[in-house]
Amino acid sequence: MNRIAALVVCTVLSCLSPSLLDAGIEETVSPQSADVAVPLPQIDAAHTTWMLVSSALVLMMTAPGLALFYGGLVRKKNILGVMMQCIFLMGVMSVVWALWGFSLAFGTDVLGGFVGGNDYFLMDGLLMQLYEGEPAAPVWGETGVPAMIFMVFQGMFFIITPALICGAYAERMKFSSMVLFSVLWGTVVYCPLAHWVWSDNGWLFTGKYEAYDFAGGTVVHISSGVSALLCAILLGPRIGFGSEPMPPHNLTYTCIGTALLWVGWFGFNAGSAVGANSAAANAFVATHLAAAAGVVAWAGMEWLTRGKPSVLGACSGAVAGLVCITPACGVVNPLSGILLGLSAGVFCFYACTTLKSKFGYDDSLDAFGVHGMGGALGALLTGVFASSSVGGAGVSGLMDGNVDQFLNQVISVVAATVWALVGSLVLLKVVDAMLGLRVSEDQEIQGLDLSQHGEEGYIFL
Amino acid sequence: MKKIEAIIRHFKLEDVKTALTEAGALGMTITEVRGFGRQKGHKEQYRGAEYTVDFMPKAKMEIVVADDELDAIVKLIVDSARTGQVGDGKIFITDLTDVLRIRTGETGAEAL
């Protein structure tokens with residue numbers, strides 16, 4: 001089993017052969033050639049400061065944010081299983097991103113724009129170098145921000161996206177399979193999708209099918225959400241699902257995790273402006289108000305339909321609002337943000353209660369209900385409320401009568417959904433054949449903490 | 001000697017302890033327990049999944065007394081633990097064969 005995993009890593013690493021790297025350097029104008037007088041990169045202190053802070057904020061979303069949010073929702077025998085999924089993904093996905101992920105997502109087009117090339121393999125062109133004897137960090141495009149900070153900021157998204165999927169297969173997926181699936185999924189599903197949506201000439205970023213996705217509604221939330229649904233279906237329900245009670249073991253964790261996600265999301269969304277500017281300010285305020293409206297909407301729905309507003313409902317509403325505003329916060333104003341948050345609270349409430357119980361899949365922690373459905377709703381509503389006063393000349397949505405933009409948003413949702421479903425289906429089958437997806441029945445009953453990690457979350461002596 | 005096991009409400013624990021210590025009790029043991037009797041459980045909802053919680057949390061107090069003190073101690077517990085509502089709990093009394101103080105090796109009434 002370990003040999004197979006090692007083989008996969010070696011195979012991928014062998015793709016990074018020096019000849020490929022050299023080819024990449026020759027094609028681009030590299031400041032490394034010492035003969036050419038290249039001016040020192042102009043680094044903008046304000047933008048760089050905000051991006052340093054944002055990168056740290058987004059990392060905080062995976063752990064402790066998501067780790068506590070999800071951790072509180074599982075049974076206590078699986079608390080470490082969830083925490084380890086988050087912490088270990090912070091490790092492995094970061095390394096994958098630095099070595100080849102960033103290049104596949106943000107490199108120059110290869111395969112007809114399907115994916116990025118090898119320009120930035122092994123962080124080539126991102127690292128500090130000598131400019132006429134002065135060491136300095138190259139800048140990313142026109143941003144005034146060091147390229148490696150842009151790389152690491154985007155890397156935090158690469159970590160949290162597979163971590164979101166954990167919510168669907170919680171309490172039953174084998175750890176080794178989870179790691180292999182996440183690495184493959186990040187490389188094969190996430191990187192091409194990020195390339196389509198965010199690279200300079202991605203087919204969803206510019207041109208006929210330009211769709212607005214400011215901070216990752218399609219790349220992060222739809223992709224992880226629909227992959228999560230597939231995981232839930234292919235892995236099957238947890239033993240005892242529907243017959244045994246499986247209440248959250250510690251909603252106080254979930255509450256703390258929600259608050260950390262909320263704060264971290266300011267980096268996620270306002271950081272996606274890649275600068276300390278008006279766009280960041282708008283994204284920050286719209287993000288905050290959408291989360292706030294989400295809390296009111298979801299808890300309010302429970303209050304109306306079930307008589308009591310629940311803490312878990314308020315927390316879920318905040319996350320639903322945040323998911324929904326993610327693609328929109330660069331093109332809609334904060335008042336529309338309130339509408340997005342309210343819509344997400346109501347819509348995701350029904351997705352996680354009525355829809356799930358109707359079809360009976362065990363999306364254990366509602367990764368699909370919140371991220372898949374909330375992400376799709378956000379992408380569509382972005383096409384409704386997009387406004388030129390926020391997004392700039394030429395930006396408009398259905399409210400301004402721009403039907404084409406709305407259709408482009410629909411296309412982006414369909415593209416992300418289909419790509420994530422197909423990619424995940426193939427990868428899950430591959431991982432299943434190699435390692436098997438689920439732990440054994442005994443191990444599942446014992447809990448992932450002991451069976452996968454040989455530890456217990458709670459030892460009180 | 002008798003052993004008294006009293007299943008009581010958490011919020012009555014302090015009242016019972018105070019009544020017994022004022023009457024001269026020198027020790028007792030408390031455990032967190034869950035169970036049900038006449039008192040019905042409640043329903044909990046988590047994102048639409050509804051669970052019925054039958055086992056209600058209670059406190060269990062164990063105290064050992066000499067035979068002649070039994071009635072007075074039981075009355076103290078009953079008086080201080082009662083609210084009159086369903087769910088006040090129960091008291092179980094059993095004969096106790098022996099008690100041994102580990103430090104000194106004393107047994108029987110000496111060890112209480």
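**Close-up 1. Helices α11 and α12 of chain A cross at roughly 145° in this predicted model.** The axes of helix α11 (residues 334-359) of chain A and helix α12 (residues 367-385) of chain A come within 9 Å, and the crossing of α11(A) and α12(A) is right-handed. On the side of α11(A), the contact is made by S336(A), L340(A), S343(A), A344(A), F347(A), C348(A), A351(A), C352(A), L355(A) and K356(A), while α12(A) contributes G369(A), V370(A), M373(A), G374(A), L377(A), G378(A), L381(A) and F385(A). By class, the residues of this contact between α11(A) and α12(A) comprise 12 nonpolar, five polar and one charged.

**Close-up 2. Helices α5 and α6 of chain A pack at an angle of about 115°.** Here helix α5 (residues 147-169) of chain A and helix α6 (residues 175-198) of chain A have their axes 10 Å apart, and α5(A) passes α6(A) in a right-handed crossing. The residues that make the contact are F158(A), T161(A) and P162(A) from α5(A), together with S182(A), W185(A), G186(A) and Y190(A) from α6(A). Sorted by class, the contact of α5(A) with α6(A) holds four nonpolar and three polar residues, and no charged ones.

**Close-up 3. Chain B touches chain A through six residues.** These six residues of chain B are in contact with 11 residues of chain A. Within chain B, strand β3 (residues 42-46) gives the most to the side that touches chain A, supplying three residues. The side of chain B that touches chain A divides by class into two nonpolar, two polar and two charged residues.

Methods. Residues are numbered from 1 along each chain as its sequence is written. Chains are lettered from A and ligands numbered from 1 in the order in which they are written. This is a predicted model: local features need pLDDT of at least 70, side-chain atom pairs count only at pLDDT 80 or more; totals for chains, interfaces and linings use all residues. Axes are lines fitted to C-alpha atoms, for helices over the stretch in contact, and angles run from 0 to 180 degrees between N-to-C directions. Helices (H or I, at least four residues) and strands (E, at least two) are DSSP runs, numbered from the N terminus. A crossing is left-handed if the near helix is turned anticlockwise from the far one by less than a right angle, and right-handed if clockwise. Two residues are in contact if their C-beta atoms, placed from the backbone, lie within 7 Å. Ala, Val, Leu, Ile, Met, Phe, Trp, Tyr, Cys and Pro count as nonpolar, Asp, Glu, Lys and Arg as charged, and the others, Gly among them, as polar.
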